[in-house]
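Please read it with the model open.

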Amino acid sequence: MNKPIVSSAAKGVFINNKWVPGASGKTVPVVAPAEGQVFAAITAGNAEDVDRAVAAARAAAEGGAWSRFSATERGRLLSKFALLIADHAEELALIEARDTGKPLKQARADMVATARYFEYYGGAADKVHGDTIPFLPGFFVTTEHVPYGVTAHVIPWNYPAQMFGRTVAPALAMGNACVVKPAEDACLTPLRLAELAAEAGFPEGALNIVPGLGEEAGAALSSHRDIDFISFTGSPEVGVLIQTAAARNHIGCTLELGGKSPHVVFGDADLDTATSVISNAMVQNAGQTCSAGSRVLVEKAAYDTVVQALADKFSKLTAGTPEMDRDLGPVINATQKKRIEGFFARAEDQGVPVLASGQIAEGTPAEGFFVAPRVYGPVPRANELATLEVFGPVLAVLPFDDEADAVRLANGTDYGLMAAVWSHDGNRALRVSRGIKAGQVYINAFGAGGGIELPFGGMKKSGHGREKGFAALHDCSQIRTTITKHG
Ligand code: TAP
């Protein structure tokens with residue numbers, strides 16, 4: 001793999017379209033997960049940097065050049081940015097692959113999706129209409145969607161570029177000015193994207209980035225008195241802190257806190273297709289996908305066939321470095337690897353059968369954070385592999401008795417992000433899908449992380465608010481109702 005063009009020195013904090021030194025003078029080392037070695041550094045932004053970034057965003061949103069852009073002009077600028085991302089896709093993919101460890105083919109696909117976020121929301125910016133509302137005689141009432149002002153975005157490390165696009169594109173499309181805190185473990189593509197946004201022509205202050213540690217830069221941003229809305233994707237634990245900070249400030253937030261998404265497989269489904277899709281989706285991004293379908297619930301009569309097919313597929317999966325371009329890369333860091341191995345050790349102690357394991361390719365650096373994928377089954381219903389988000393390449397298979405049992409089991413965790421129902425009985429597939437409490441339900445298909453046009457977000461403890469589609473444009477704007485009495 002060509003080494004990406006990444007400066008080993010930290011660039012600073014991106015405010016008003018310029019890199020400025022971080023106030024603390026401190027940096028955070030960046031480790032390549034496939035190598036287990038430091039290859040870059042980022043600035044450790046602090047509360048003072050966050051203050052400056054929020055002030056720049058406030059000036060842009062209120063009276064600055066950005067506030068004077070019409071919806072059409074904002075849309076054109078987002079579309080221009082999309083083209084610039086596409087022009088730099090290979091450079092960005094190389095950075096993303098080294099920073100996250102993911103296979104190059106996947107990093108390339110991620111850049112296509114990142115550009116698509118700006119293309120989609122570029123086209124949508126001037127198509128968000130208000131209503132006219134029948135009211136009392138002599139009155140004329142309209143609603144319009146107006147920006148919040150300054151929106152804060154705390155994003156995770158699993159899809160740094162895509163997550164940037166997912167949260168920032170709709171916020172900018174609606175006219176907000178953004179301050180982004182990317183994850184310390186992988187944030188080099190968001191930093192490069194900020195430079196490209198400036199090159200595309202976003203005016204000063206429209207997009208600002210403060211890299212650094214969650215407990216410092218992230219906490220300072222989410223509790224800042226002058227932000228108007230927060231968008232967060234990450235762990236349930238930090239989600240509580242974000243929501244608490246938002247509550248103290250009396251502002252709204254969108255939380256996306258992961259899932260334990262079920263595939264419900266009936267015996268009459270196309271089992272070849274189902275098991276291929278399930279296995280590929282599970283190892284996408286080494287299982288570090290909030291919408292990974294990590295539970296496979298199988299009708300008892302088809303259980304043996306399905307586990308045989310999944311075991312065959314999993315035994316052929318191989319983890320490797322980005323340039324090897326295998327089925328999956330390493331996980332993000334040593335802590336995540338240890339956490340996943342903890343699940344394996346406890347499953348062994350509890351006697352949960354391993355149906356199959358994949359391999360780690362020869363020639364991968366011993367210091368890399370590689371985990372061979374595993375499929376377990378039958379997993380007892382109350383076992384942690386059936387209820388907790390592992391965030392690794394691990395699939396749990398559980399049998400069910402009938403339709404009612406399938407729905408009960410599908411709804412049997414705290415989460416409710418995604419689900420899939422596999423059956424050729426259309427009535428049953430629809431009945432079951434409508435019984436599952438999840439923000440997105442596929443029938444005879446599954447798209448972990450896919451579909452920019454499709455509203456996405458959690459039910460239950462997977463969070464609240466919606467990203468993607470037009471729903472995101474509504475979530476990052478507020479309705480103003482104008483009531484005119486004309487007599
Ligand atoms: P988190 O700690 O939740 O990290 C997500 C983001 O929040 C990062 O930008 C992080 O910054 C920031 N953050 C951390 N502490 C913060 C605080 N006190 N105030 C404000 N922001 C803060 O996730 P993690 O530790 O990286 O991963 C742990 C687990 O979370 C994973 O095993 C997985 O289960 C889950 N997770 C879920 C998702 C999705 S897509 N739902 C994504 C990532 C992780 P730093 O990175 O600098 O700490």
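The points below go from the ligand to the backbone.

1. The model is predicted: local features need pLDDT of at least 70, side-chain atom pairs count only at pLDDT 80 or more, and totals for chains, interfaces and linings use all residues. Residues are numbered from 1 along each chain as its sequence is written, and side-chain values use heavy atoms, with hydrogens and water left out.

2. The ligand sits in the largest pocket. A pocket here is an open set of points on a 1 Å grid over the protein atoms alone, where a 1.4 Å probe fits, with protein on both sides within 12 Å along at least five of seven lines; a molecule sits in it if more than half of its atoms lie within 2 Å of its grid points.

3. Around the ligand there are 31 residues, of which I155, W157, K181, E184 and S235 come nearest (a residue is near if one of its heavy atoms lies within 4 Å). By class, 15 are nonpolar, 10 polar and 6 charged, with Gly counted as polar and Tyr, Trp, Cys and Pro among the nonpolar residues.

4. Domain 1 (13-257 + 464-482) and domain 2 (262-451) both contribute to this shell, so the ligand lies between them; the bounds come from an automatic or database domain assignment. α7 (214-222), β10 (229-233), α8 (236-249) and α11 (334-349) each supply at least two shell residues, and α7 gives the most, with 5. Helices (H or I, at least four residues) and strands (E, at least two) are DSSP runs, numbered from the N terminus.

5. Oxygen atoms of the ligand lie 2.9 Å from a polar side-chain atom of K181, 3.0 Å from a side-chain N or O atom of E389 and 3.3 Å from one of R339. The cut-off for a polar contact is a pair of N or O atoms within 3.5 Å.

6. Two backbone features deserve a look. The G377 to P378 peptide bond is cis, with omega near -10 degrees, and P378 is in the loop between β17 (374-376) and α12 (384-387). H250, a residue other than glycine, has a positive phi, near 55 degrees, and is found in the loop between α8 and β11 (252-256).

Conventions:
Polar contact = N/O pair within 3.5 Å; in protein donor to acceptor, adjacent residues only side chain to side chain. 1 Å grid on protein atoms, 1.4 Å probe; cavity = no way out; pocket = protein on both sides within 12 Å on 5 of 7 lines; lining within 4 Å.
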